[in-house]
Amino acid sequence: MQSQAYDAGKPAQDSAPNESDAQHIRAEHLRLLALAEETPLEAFLDSLDEQGLLPGWNLARGPEAGLVMIRGRIGGQGQPFNVGEALVTRCCVRLSKEQDILGCGYVLGERPRHAEMMAVLDALWQKPDLAPLFDKELDPVLARALQARYEADRAQSAATKVDFFTMVRGEDKD
Amino acid sequence: MYVAVKGGEKAIAAAHRLLRQERRGPCDIPELGLDQIAHQLKFAVDRVMAEASLYCPNLAALAIKQAAGDLQEAIFLLRAYRTTLPRFAASLPLETDCMRQSRRISATWKDLPGGQILGSTFDYTHRLLDRSLEGNASCDPAPCAVQETADNKAFACAAESQESPETPESAGSAGFRDTGSFPHPPRLPRASHALEQEGLLERSWSAYEQERQGRMEDAQTLAAIADITRDPLELPCDRPEDRPLRLQMLARADEGFLLGMAYSTQRGFGAVHPFTSELRRGLVECSIVPEELDFPLVIGELEVTECVTISRYTGTALDPCLTQGYGLVFGNNERKALSMSIADRALRAREMEEEETGPAQNPEFVLLHGDNVDASGFVQHIKLPHYVDFQAELSLIRELRKARANKAQDGAKDGAAKEGTETSGGAQA
Amino acid sequence: MQTPHSWTGDTVSLCQHCFRALLQALARPCQPQELPGELAKESLPLPWELASIALTLCDQSSAVYLGSGLGSDDAHAWLRFYTGMNLVQSPCEADFVLVGTPCDLPLLASLKQGTATYPDRSATLVVAGTDFSAQPGILASGPGIRNTVPLPFRPADGFLAQWRDNHDRFPMGVDVFFCGRGQVAGLPRTTLLSA
């Protein structure tokens with residue numbers, strides 16, 4: 001059996017309940033990283049570094065810019081069609097001491113730094129020993145920031161909520 | 001036949017220097033920053049992204065700066081840049097139901113489930129020049145005041161109560177990691193939902209939806225979607241299955257052209273009488289399945305404007321019903337989204353067995369002439385040296401004139417000769 | 001643990017140089033061009049010339065068939081990871097057919113030939129492991145060749161007959177790149193080979 005050098009679909013943990021759950025959780029985590037600002041990612045990596053917990057990594061690919069063809073659906077729910085492309089930056093890293101862990105980062109826009117930090121964090125996240133740190137120090141921060149953004153945006157547009165009235169005009173009465 | 005012209009390098013270089021200088025303007029005026037363009041000329045940026053068919057606000061702002069505000073030139077620059085990049089993947093279709101909406105209106109339902117949100121809009125403004133913007137007005141730091149009325153809370157609750165489709169139920173119970181607490185945007189019902197339930201809306205798209213629920217759309221179905229950037233247009237492109245391709249071309253078509261097409265159908269050159277069923281604008285998450293991971297992954301949010309128009313149908317292809325047109329455009333551009341949805345509906349003329357009474361119903365006319373990079377390249381190329389072509393033109397005209405003059409002369413001679421003959425004949429007689 | 005075959009160099013620069021070499025190879029058929037050597041020292045699961053060409057020509061929208069000599073999972077994985085190419089099961093569906101050895105080529109007639117309207121939709125065959133030291137006395141002529149040049153490698157048995165048919169299908173037909181020893185030679189459908 002060949003080593004699964006490129007099959008990063010499965011996290012390294014053996015404790016994962018099953019593959020699809022583990023994938024789902026990893027996907028959720030990557031989503032949080034992609035939607036985050038760069039500052040908290042940087043802060044978390046710095047704090048790992050200060051605690052001596054940040055291992056070395058090698059770039060396996062990128063960071064590099066490319067395109068993703070964006071699809072929509074007719075009517076929002078029908079047949080899919082191509083809307084246009086979006087610029088994305090991607091990066092893949094391997095941990096220097098644990099080469100079988102491949103971390104991936106994909107983020108919209110021209111953001112090489114974000115993509116690399118994301119890839120490193122994805123790789124570290126796959127190490128069981130670092131999991132509690134992510135659960136305690138990074139994920140809640142990112143989730144709170146995202147929630148706050150949702151609420152701020154919603155509050156802003158909520159002020160423009162409108163009720164239209166239809167009125168019966170007098171002329172028709174007689 | 002094309003004949004090359006040589007020379008002029010120095011003059012061309014100087015012309016480009018002059019262009020750069022004029023773009024910059026007088027040095028005592030501060031230079032425009034990209035963030036200023038991206039945030040203060042957002043409509044320009046959004047238009048450039050949509051028509052360049054490349055979503056990237058930074059680069060669109062750069063293109064606008066470099067083109068000194070000539071948006072079509074900026075679109076050309078960004079399109080050209082697009083061709084230098086590799087394509088990593090294609091996204092899963094955007095779930096616009098889960099859009100984080102900054103605007104959402106319906107002109108057909110005043111009591112829209114989920115509420116009507118005006119958002120920021122030019123609608124209802126008085127179109128009076130605001131002289132207060134003349135100076136360097138300071139930025140108003142106060143955020144848009146939120147009236148926490150009962151209504152607004154109800155809206156928020158209504159939105160939240162719609163169960164987020166991606167909330168993982170297994171995550172908590174599996175005792176692995178608690179991702180269930182990560183926030184997700186709510187799903188908002190569509191305005192046309194009630195019409196669909198009542199069967200008044202044409203069947204085609206809801207049928208697709210039902211079919212899709214039954215089976216997973218596999219990668220091959222998605223890979224087979226027609227793509228105008230990879231395969232050339234094949235006319236007539238008027239079948240129902242060509243609609244995805246037409247929509248892609250409309251999404252990158254010139255806004256002004258589409259507006260004109262939509263307007264022409266409303267004025268009678270075509271058979272569309274549209275109502276705005278729903279217009280949405282907001283941020284929607286984009287997911288891809290990267291090559292090295294075999295699961296879908298959210299890579300960020302992009303802003304889109306989506307428009308569904310509905311129009312009455314009393315033709316022969318279907319029972320009397322409401323048919324729909326669809327528009328989906330990058331960024332904030334509702335004029336284009338609306339025009340696109342009307343043009344989309346008009347282009348379904350053959351499918352709907354409608355008589356073609358206007359150019360907006362003709363796919364060849366609309367699709368081949370709507371792309372402003374194509375159009376502007378072809379129209380503007382006649383500025384470039386055509387000296388040899390033109391000499392040929394001149395010599396042709398000279399020939400024709402000569403031929404005609406000769407003919408006239410011969411005619412005159414013939415006439416004179418005839419007259420002479422007659423006269424002489426008469427004399428003889 | 002197996003060494004992962006990473007490549008983190010400047011892909012853009014590599015691809016641009018390689019593309020230039022490929023253009024030149026088609027413009028001057030049967031005259032080997034130097035390929036940029038960035039990948040030569042990397043430990044790769046496939047010939048580095050082929051890897052460079054694949055990196056340059058293939059992306060997520062290319063349908064690629066991997067022929068003999070490229071069967072290893074590592075070679076597949078490398079190509080998919082770095083180019084995003086779509087692997088297809090049959091050579092007749094492929095835009096690009098990559099072959100690891102010149103002695104085992106697919107039948108040219110079985111590959112995509114393009115159509116009269118779109119002759120560019122034909123397959124491109126890339127053959128690695130070519131030995132450019134032998135000149136078997138076959139002459140090439142056609143566009144891009146002044147008079148004739150010798151074919152710079154020994155073709156597989158039966159290739160000449162296949163090539164004649166391919167040449168006769170013009171404007172349809174496949175184009176071939178032969179690579180090996182750091183070089184690439186083009187054999188476009190317009191080139192005529194005669195023994």
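Predicted model: local features only at pLDDT ≥ 70, side-chain atom pairs only at ≥ 80, totals over all residues.
Figure 1. Together the domains bury about 1500 Å², 51% of which is contributed by carbon and sulfur atoms. On the domain 1 side, B:Glu51, B:Tyr55 and B:Arg79 account for 38% of the area buried against domain 2, more than any other three residues.

**Figure 2. Polar and charged links between the two domains of chain B.** Four salt bridges are found across the interface of domain 1 and domain 2 of chain B. One of them joins B:Lys42 to B:Glu303, with an N to O distance of 2.6 Å. Across this domain interface of chain B, eight residue pairs are in polar contact, counting pairs in which both residues have pLDDT 80 or more.

**Figure 3. The interface of chain A and chain B.** Here 76 residues of chain A meet 88 residues of chain B. The two chains bury about 7800 Å² between them, with 62% coming from carbon and sulfur atoms. A:Arg71, A:Arg73 and A:Gln77 provide 10% of the area that chain A buries against chain B, more than any other three residues.

**Figure 4. Salt bridges, polar contacts and contributing elements between chain A and chain B.** Six salt bridges cross the interface of chain A and chain B, including one between A:Asp153 and B:Arg100 with an N to O distance of 2.9 Å. The interface of these chains also has 25 residue pairs in polar contact, both residues of each pair being at pLDDT 80 or more. Elements giving two or more residues to the side of chain A that touches chain B are helix H1 (19-35), strand E1 (57-73), strand E2 (80-95), strand E3 (102-108), helix H4 (131-158) and strand E4 (161-162) of chain A. H4(A) supplies the largest share of this side, 14 residues. The side of chain A that touches chain B comprises 38 nonpolar, 20 polar and 18 charged residues.

**Figure 5. Strand pairing between chain A and chain B.** E2(A) pairs with strand E1 (residues 54-55) of chain B in the parallel sense, over two bridges. Within E1(B), B:Tyr55 is the bridge partner of A:Ala86. B:Tyr55 is also one of the three residues that together supply 38% of the area that domain 1 of chain B buries against domain 2 of chain B.

**Figure 6. The contact of chain B with chain C.** Chain B contributes 10 residues to this contact and chain C contributes nine residues. About 760 Å² is buried between chain B and chain C, 42% of it on carbon and sulfur atoms. One salt bridge is found across the interface of chain B and chain C; B:Glu291 and C:Arg80 form a salt bridge in which the closest N and O atoms are 2.2 Å apart. Two residue pairs are in polar contact between chain B and chain C, both residues being at pLDDT 80 or more. The side of chain B that touches chain C has four nonpolar, no polar and six charged residues.

Definitions and conventions:
Residues numbered from 1 in each chain as written. Chains lettered and ligands numbered in written order. Heavy atoms only, no water. Contact = heavy atoms within 4.5 Å. Buried area = accessible area lost by both parts, 1.4 Å probe. Salt bridge = Lys/Arg side-chain N within 4 Å of Asp/Glu carboxyl O. Polar contact = N/O pair within 3.5 Å; in protein donor to acceptor, adjacent residues only side chain to side chain. Nonpolar A, V, L, I, M, F, W, Y, C, P; charged D, E, K, R; others polar. Helix = DSSP H or I, 4+ residues; strand = E, 2+ residues; numbered from the N terminus. Pairing = 2+ DSSP bridges.
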